[in-house]
Amino acid sequence: MNKLLAKLGLVKTGMEARKSVSFGDPEAAKGGLFWSIVSIVVILAVWSAAVAAELANPIFLPSPLDVLGQFKMVATDGFRGSTLWEHLAISLYRLLTGFVLGCLVGIPMGFSMGLSKITRGYFDPIVEFMRPIPPLALIPLSIIWLGIGDASKIFLLFLAALWVMVLAARSGVQSIRLSKIHAAYTLGASKKQVLTKVILPNALPEIFTGMRVAMGVCWGTLVAAELVGADAGIGFMITVAGKYLETALVFVGIIIIGIIGAIIDVGMRKLEAKMIPWKGKA
Amino acid sequence: MPGLTIDRVGMIYQLPGGGEVEALKDVTFDLKPGEILTVLGPSGCGKTTLLNIVAGFLSPTSGKAVFGAGEISGPGPDRAKVDKLITGPGPERGMVFQQGALFEWMTVAENIGFGPKMKGVAQREINGVVERYLQTVGLKGFGEKAIYELSGGMQQRVALARCLANEPDLILMDEPLGALDALTREKMQGLILKIWNETGKTIALITHSVEEALFLGERVFVMAPRPGRIHKEYRLPFARRGLAESLRDIKVTDEFTEKREEILTLIWEMEEDIMGKAELADDMGGAPPGGGEKQGEHAAGVGGKEGGGL
Ligand SMILES: Nc1ncnc2c1ncn2[C@@H]1O[C@H](COP(=O)(O)OP(=O)(O)O)[C@@H](O)[C@H]1O
Ligand SMILES: [Mg+2]
């Protein structure tokens, strides 16, 4: 019982129980699982109550049960020729392909910019020009060039991830303490060894942060890209459902995006903690 | 083992906004194999610059730094090959930095084995080397720990071991103990002396602490700023004594405290001189004439005491 309470964050355990000052201590604000559950319950309750009290037309605000019903329906019967899972799969495929390509090109590019005057000078105008352009502004162009299929979406996501990763990798390289580089050289490391054994691992924390930011930007770009020109995908599903006032289905799409996005972020945080345990402790 | 020759080395930094800083002027000295040298001086007097030149990270704007003169491998007295001008960092000159130069993504053992590994030494051999130096620095059993799990003092032990494992002839240290608490610091001073004694390495160590300089330096340079130069050199017996006697005992002897006060006074006068010069420069709106000579007089005045009791 006590264990359960501790897990929920309702009783203080271990070190927290010994601290007499908690207000202002960042550690004391962690682990409030119980209140997260309360939060979800309250939202569902207010939502249900609002529907029950008929505060709004069901076209604007479907009930949680309607949404659940729609969820079951699209999960089994599908929507516009694809089940919910197929819509989700095509979206995730675009998302991950664009994201991975962005990383594969962006990280080496950022590295080379952080390491050489020539590449820094060469890529600087491109990066500085492209970076402030929201990927959404490129949707029409990408459709003209690449059509409404996967290619145009993946291209946009690639661009969305690319600039974030270039900057993250570049600053990861440049954040190194010179004494680490000097130490490696005095220990007999070659340039290549300095790159792979010192500069690269040293940049990992910033690269990871960049990847989480890029993933967020990619989600936003993906849904927008699917809103404009697509025949499948979560964004497509939301748009079409919206056009036909199938509000419950719009809710399903939004909730799915939220949940998947959160799962991906938690996964990346876990991976980060495993791969770079020294982050923030050095 | 090779020695170090610093010959009229000068270093002038060009500032980005125009203007120059004369960080070193006419610095000349020799360091013989097996000597231990400490360098003292107010902040900004060019200590780090000097060490970076010896390490090969910077090339001086005048003069030359030579490491290992007389190393003739082939036939024919080719002068160019006899003098090994320092033109870049090399594994024969190891360096211990202030905290933060260890590789956090590696374990303690991987940090220590880094040098041999880069050279392509077999892993089994590396393991032996790592064990040996873990023992030397008193960290037996800590090999698999992560760097961030260690205290500051332990981290500096690892840094020492990493440097030693690469078997440099000359070990350079830039305020290696600067961030440690007093007690840890004393222990580390003992460790450095022990390593000096056991390995016979040539060591040059920069420090802010007069006590540390006296205790670790067979030779002590007191440097002066603007332009950075060697203001005065001492030859002291405490490092050798430290090998046999306890460091605490030595630090309370009259001889030690006298020398400490003498050097402290010297540095104080130097600081006051700098302050005075700065005020004078403000009053006159320009550089003070003859400031450097004034400092020279101080050096001569205090210098008279040198050698007494040695
Ligand atoms: N890269 C640099 N560019 C310009 N000036 C520098 C640079 N490095 C050091 N200096 C200047 O040279 C002087 C000596 O610096 P440094 O060798 O770091 O002294 P110390 O280690 O004794 O504190 C200082 O006045 C410092 O401001
Ligand atoms: Mg310094």
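**A walk through chains A and B**

The secondary structure of chain B comes to twelve helices and nine strands, where helices (H or I, at least four residues) and strands (E, at least two) are DSSP runs numbered from the N terminus. This is a predicted model, in which local features need pLDDT of at least 70, side-chain atom pairs count only at pLDDT 80 or more, and totals for chains, interfaces and linings use all residues. Residues are numbered from 1 along each chain as its sequence is written, chains are lettered from A and ligands numbered from 1 in the order in which they are written, and side-chain values use heavy atoms, with hydrogens and water left out.

Of the 310 residues in chain B, 51% are buried; buried means under 20% relative accessible area, exposed means over 50%, and partly exposed lies in between (1.4 Å probe, protein chains only). The accessible surface of chain B is about 14200 Å², and carbon and sulfur atoms hold 51% of it. Such areas come from the Shrake-Rupley method with a 1.4 Å probe, and for residues only the protein chains shown count as cover. Among contacts in chain B (heavy atoms within 4.5 Å) between residues at least 6 apart in sequence, 70% join residues at least 24 apart.

Gly10(B) sits in strand S1 (residues 4-14) of chain B and is buried, because its relative accessible area is 4%. Apart from neighbours within four places in sequence, Gly10(B) touches Leu24(B), Lys25(B), Asp26(B), Pro60(B), Thr61(B) and Ser62(B). Pro227(B) is 217 residues from Gly10(B) in sequence, yet their C-alpha atoms are 9.3 Å apart in space.

Next come the charged pairs. The structure holds 29 salt bridges over all chains, a salt bridge being a side-chain nitrogen of Lys or Arg within 4 Å of a carboxyl oxygen of Asp or Glu. In chain B, Arg241(B) and Glu255(B) form one, with their closest N and O atoms 3.1 Å apart. This pair links distant parts of the chain, 14 residues apart: Arg241(B) lies in helix H9 (residues 238-244) and Glu255(B) in helix H11 (residues 254-284). Arg241(B) is partly exposed at 26% relative accessibility, and Glu255(B) is partly exposed at 24%. Another salt bridge joins Glu261(B) and Arg260(B) at 3.4 Å, N to O. Both belong to a network of salt bridges that also links Glu186(B), Glu211(B), Arg248(B) and Lys251(B).

H8(A) is mostly covered, with 18 of its 25 residues buried. Leu101(A), in helix H5 (residues 84-115) of chain A, is partly exposed at 37% relative accessibility. Together with Leu96(A), Val100(A), Leu104(A) and Val105(A), Leu101(A) makes a nonpolar surface patch of about 400 Å².

Finally, the two chains meet. In the interface, 20 residues of chain A contact 22 residues of chain B. The chains bury about 2000 Å² between them, 72% of it on carbon and sulfur atoms; buried area is the accessible area (1.4 Å probe) that two parts lose on being put together, summed over both. One salt bridge is counted between chain A and chain B: the side chains of Lys180(A) and Glu104(B) meet at 3.3 Å, N to O.

Definitions and conventions. Patch = residues over 30% accessible without salt bridge, like charges linked within 9 Å, V, L, I, M, F, W, Y side chains within 5 Å.
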